[in-house]
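Here's a quick briefing to read with the structure open beside you.

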Amino acid sequence: MHSRAATDRGGLAYVIGQSVRTVVARVVGVIKIEQYWMAIEPIDMRAGMETVLGKVVSVFGSAQAHHAYFFTNRRANRIKVLVTDSFGVWLAVRRLHEGHFIRTQIESGSKVEMTQSQVEALLLGLPWQRLGKARQITV
């Protein structure tokens, strides 16, 4: 039942991996995100949906539709993102096997607004603060 291409690239695991990527791409296409925010203070990664939603309200004032709110743990090797849409709330977690997410160095305040390119760099573990709003690297 497997195609030759699937067998050549790792068998069933490859086929399942491709299916998961397709599903993820479709889900991401459904969720519209207009603004990205990162909390400065770390959060306990054991926190569930209600706790993270409460933290969003306490840090950002409210949970706005089509906004994404990012939180890291103290070691910065895990990140949680809470996204609100018109129908409900999404909560996702990403863990790095090596390295850590680069946290902001802002001394005052409890949050920072981010661009989509900064979020993409953050999720890859790159120094996202260097990317300005004009997608230029700044020093």
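In this predicted model, 33% of the protein's 139 residues count as buried.

**Overall layout**

- You'll find four helices and five strands here.
- Follow the sequence along and the pattern reads α-α-β-α-β-β-β-β-α.
- Take the contacts between residues at least 6 apart in sequence: 53% of them join residues at least 24 apart.

**The aromatic pairs**

- A pair of aromatic rings is described by the distance of the centres and the angle of the planes.
- There are three aromatic pairs in the structure.
- One of them is Phe60 with Tyr69: the ring centres are 4.9 Å apart and the planes sit at 50 degrees, so this pair counts as tilted.
- Phe60 and Tyr69 are both buried.
- Phe60 also pairs with Phe71, with centres 6.3 Å apart and planes at 75 degrees; that angle is over 60, so the pair is edge-to-face.
- Phe60 belongs to helix 3 (residues 49-60) and Phe71 to strand 2 (residues 67-72), so their pairing ties together parts that are 11 residues apart in sequence.
- How buried are these two? Phe60 has a relative accessible area of 12%, while Phe71 comes in at 0%.

**The cluster and a charged neighbour**

- Ring pairs join Trp37, Phe60, Tyr69 and Phe71 into a cluster.
- Look at Trp37 again: the charged end of Lys111 sits over its ring, 5.9 Å from the centre.

Definitions and conventions
Residues are numbered from 1 along each chain as its sequence is written. This is a predicted model: local features need pLDDT of at least 70, side-chain atom pairs count only at pLDDT 80 or more; totals for chains, interfaces and linings use all residues. Side-chain values use heavy atoms; hydrogens and water are left out. Rings of Phe, Tyr and Trp (its six-membered ring) pair if their centres lie within 6.5 Å; planes under 30 degrees apart count as stacked, over 60 as edge-to-face and the rest as tilted. Buried means under 20% relative accessible area, exposed over 50%, partly exposed in between (1.4 Å probe, protein chains only). Helices (H or I, at least four residues) and strands (E, at least two) are DSSP runs, numbered from the N terminus. A charge sits over a ring if NZ of Lys or CZ of Arg is within 6 Å of the ring centre and within 35 degrees of the ring normal. Contact means heavy atoms within 4.5 Å.
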